[in-house]
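Please read the following briefing alongside the sequence and the coordinates.

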Amino acid sequence: MNRRTFTLSMLAAATAPAALQAQRFEVTRTDAEWRAMLTDLQYQVMRHEATERSGTSPLDKNYAAGTYYCRGCDLALYPSDTKYDSGTGWPSFWASLDNAIGTKPDRKLFSVRTECHCRRCGSHLGHIFDDGPQPTGKRHCLNGASLVFKA
């Protein structure tokens with residue numbers, strides 16, 4: 001890695017939260033309100049696009065019937081029948097509910113990935129990859145810190 005690549009990567013990472021805040025969402029809160037309702041990990045993941053450590057979310061191994069909701073605004077995001085074990089250590093799904101998530105290019109980490117977030121409050125959920133099972137071929141690799149499961 002050279003100095004230019006490093007500098008551009010750090011600049012992209014520093015502006016990511018500002019880009020998220022610049023978008024308009026139905027549910028908005030002040031930074032203080034977000035901090036008050038979330039743990040430190042949840043705040044970093046949902047508001048600053050951090051990633052929880054692989055294998056740390058109890059939702060990764062949860063296969064009960066139900067629905068996964070956004071921790072930030074309680075919007076239904078993913079049905080349990082689209083969840084599968086990707087072997088990555090993060091909750092993974094092959095499809096979201098209709099009109100539940102938004103996406104945008106994520107240019108951090110020296111490549112372009114597809115970031116996904118709650119379409120109603122903008123909370124960062126994770127990333128979408130093209131190595132999932134059929135019928136979609138997609139893997140929505142999510143942070144359990146952003147989700148709430150309801151049976």
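**Briefing on the predicted model**

Pro91 is placed in the loop between strand 3 and strand 4, where helices (H or I, at least four residues) and strands (E, at least two) are DSSP runs numbered from the N terminus. The model is a predicted one, in which local features need pLDDT of at least 70 and side-chain atom pairs count only at pLDDT 80 or more, while totals for chains, interfaces and linings use all residues. Residues are numbered from 1 along each chain as its sequence is written, and side-chain values use heavy atoms, with hydrogens and water left out.

**The surroundings of Pro91**

- Pro91 has a relative accessible area of 0% and is therefore buried, a term that means under 20% relative accessible area, with exposed meaning over 50% and partly exposed in between (1.4 Å probe, protein chains only).
- Leaving aside neighbours within four places in sequence, Pro91 is in contact (heavy atoms within 4.5 Å) with residues including Glu52, Leu59, Lys83, His140 and Leu142.
- Between Pro91 and His140 the C-alpha to C-alpha distance is 8.2 Å, although 49 residues separate them in sequence.

**Overall make-up and confidence**

- The chain has 3 helices and 9 strands, and their order from the N terminus on is α-α-α-β-β-β-β-β-β-β-β-β.
- Of the 151 residues in the chain, 44% are buried.
- Among contacts between residues at least 6 apart in sequence, 56% join residues at least 24 apart.
- The mean pLDDT of the chain, pLDDT being the predictor's confidence in each residue from 0 to 100, is 89, and 85% of the residues reach 70 or more.
- Over residues 4-16 the pLDDT is below 50, and this stretch has 8 contacts in the model beyond near neighbours in sequence.
- Where pLDDT is low, the predicted coordinates should not be read in detail.

- An open sheet is formed by 6 strands in the order 3-4-8-7-6-5, with antiparallel pairing, two strands being paired if DSSP finds at least two bridges between them.
- Strand 3 (83-84) and strand 5 (101-106) are the edge strands, each of which pairs on one side only.
- Strand 5 pairs with strand 6 (residues 113-118) in the antiparallel sense over 6 bridges, and Ile101 stands opposite Cys118 in strand 6.
- The hairpin of strand 5 and strand 6 has 6 residues between the strands, and in this hairpin Leu109 takes a positive phi near 65°.

- Not counting residues up to four places away in sequence, Leu77 touches several residues, among them Tyr68, Leu97, Ile101, Cys118, Leu125 and Leu147.

**Aromatic rings and charges**

- The whole structure holds 3 aromatic pairs, counted where the ring centres of Phe, Tyr and Trp (its six-membered ring) lie within 6.5 Å, with planes under 30 degrees apart called stacked, over 60 edge-to-face and the rest tilted.
- Tyr68 and Phe93 form an edge-to-face pair, 5.0 Å centre to centre and with 75° between the planes.
- Because Tyr68 lies in strand 1 (residues 67-70) and Phe93 in strand 4 (residues 92-93), this pair ties together parts that are 25 residues apart in sequence.
- Tyr68 is buried at 0% relative accessibility, and Phe93 is buried at 0% relative accessibility.
- Tyr78 and Phe93 form a tilted pair, 4.6 Å centre to centre and with 35° between the planes, which links strand 2 (residues 76-79) to strand 4 across 15 residues.
- One aromatic cluster is formed by Tyr68, Tyr78, Phe93 and Phe149.
- The charged end of Arg47 sits over the ring of Trp34 at 4.0 Å from its centre, a charge being counted as over a ring if NZ of Lys or CZ of Arg is within 6 Å of the ring centre and within 35 degrees of the ring normal.
- Lys150 lies over the face of Tyr69, 4.3 Å from the ring centre.
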